[in-house]
Amino acid sequence: MRHVTAVASAVVGVALTLSSGAAMAQDWAKANLAKSSRHGEFVTINEAGGRQLQAWVVYPEVKDKAPVVVMIHEIFGMSDWAREMADELAGAGYIVVEPDLLSGFGPPKAATEMRGHSGPAVVAYGCDPMDCAPGQTPTSSWHTHEAVAEMGATQKNAPQMVTTSYEPQSQVPQQFHMDHSTMSDAQAQTNGAPYVPAQPGGTSAFPDQGSVTRAVSSLPDPQVLADLDAAANYGKKLPAASGKLFVTGFCWGGGKTFLFATHRHDLSGAFVFYGPPPAEDLMKNITAPVYGFYAGNDARITATVPKTQEQMKAAGKTYEPVTYDGAGHGFMRAGEAPDASAPNAAARQAGFKRLVDLMGGVH
């Protein structure tokens, strides 16, 4: 079995047994994706610094070159729904490049064997990503249980440490869509490389949703922005790309979408789905219009909208938010599920239509 264990200073908490990846799976999303006739594939993008970023890329079935959309997944990582959402947007006529921002951070397949230990390996965060002190950056590293216990004994006053245990043989392999497991040689020579399973892996290598959420939460903004830059550069160089670039994201990815707009200056639009705004002093750097999609029953995020409107207006930037009454946080995913509430389903339909219309409509 796989376990998630919280460690506070030197005290090792009670292990919580979780189902193996079941919480991350959306069978209905996977089924919808399997029905798609569009070309979707995993690729490996080689960043200038040597990092290998895995991404899910879906092409529209159109005769002309298409705009590129960088899509940023939720805090749940590269889930079945994340891939299915990318495929659906490609169906409207857009090339979608969705990076797995956990690429290379998954549990190493044979970590214990590589280190000569018999027990399961552990990922240890210097502080809980959701509970770090102001100005403190969450850090992570791989250790054995023995090493974690030793660290705990010498860090009695340290912030909470979170560890994730796993059994290598239980890992979920990366999945390919249909028969598209590699890129063409021509693309590989100019714009990346054929898909190569990372070791350590990405989202699918984590044992459960809780460990994915903690890992995504701990990703530092500079790295996220570098990964998004790499995905955008990759997309724009594709032979089928028109040169126009958009970005959109959901939940955690919605916040990073807003942040990316402060960083990337060749965007034609940024579409923020129920994500928090960036720091006010960064808003002056935005060059693209920003469009917000918010839920009426999501005060944690939606309550930030009025202040964001004031700040964006003061900075002379375009910011157009829409709030969908009765919908809850995550309505783009929840509104598509078989058990979707009427408000979530309505917000999902209206939100997708607005997104496509703002990008220029169905091609």
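**Notebook: helix packing and a buried leucine**

I began with two helices, α2 (residues 80–90) and α12 (residues 342–359), which pack at an angle of about 50 degrees with their axes 12 Å apart. The model I am reading is a predicted one.

I then asked how to class that angle. Angles from 65 to 115 degrees count as roughly perpendicular and those under 35 as roughly parallel, and α2 and α12 are therefore oblique to each other. I also looked up the handedness, and α2 passes α12 in a right-handed crossing.

Which residues make this contact? From α2 I listed W81, M85, E88 and L89. On the α12 side they meet R348, F352, L355, V356 and M359. Sorted by class, the contact has 7 nonpolar and 2 charged residues, and no polar ones.

Next I went to helix α6, which covers residues 209–217. I noted its buried residues as S211, V212, R214, A215, V216 and S217. At the N-terminal end of α6 I found a cap, D208. A side-chain oxygen of D208 lies 3.3 Å from the backbone nitrogen of G210.

My last entry is on L228, in helix α7 (residues 221–237). Is L228 buried or exposed? Its relative accessible area is 0%. The cut-off for buried is under 20%, so L228 is buried.

I checked what L228 touches, leaving out residues up to four places away in sequence, and wrote down V70, I72, P99, L101, K256 and F260. I also looked up M71, which is 157 residues from L228 in sequence. In space, L228 and M71 are 9.0 Å apart, C-alpha to C-alpha.

Definitions and conventions:
Residues are numbered from 1 along each chain as its sequence is written. This is a predicted model: local features need pLDDT of at least 70, side-chain atom pairs count only at pLDDT 80 or more; totals for chains, interfaces and linings use all residues. Side-chain values use heavy atoms; hydrogens and water are left out. Buried means under 20% relative accessible area, exposed over 50%, partly exposed in between (1.4 Å probe, protein chains only). Helices (H or I, at least four residues) and strands (E, at least two) are DSSP runs, numbered from the N terminus. A polar contact is a pair of N or O atoms within 3.5 Å; within protein, one must be able to donate a hydrogen and the other to accept it, and residues adjacent in sequence count only if both atoms are side-chain atoms. Axes are lines fitted to C-alpha atoms, for helices over the stretch in contact, and angles run from 0 to 180 degrees between N-to-C directions. Angles under 35 degrees count as roughly parallel, over 145 as roughly antiparallel, 65 to 115 as roughly perpendicular and the rest as oblique. A crossing is left-handed if the near helix is turned anticlockwise from the far one by less than a right angle, and right-handed if clockwise. Contact means heavy atoms within 4.5 Å. Ala, Val, Leu, Ile, Met, Phe, Trp, Tyr, Cys and Pro count as nonpolar, Asp, Glu, Lys and Arg as charged, and the others, Gly among them, as polar.
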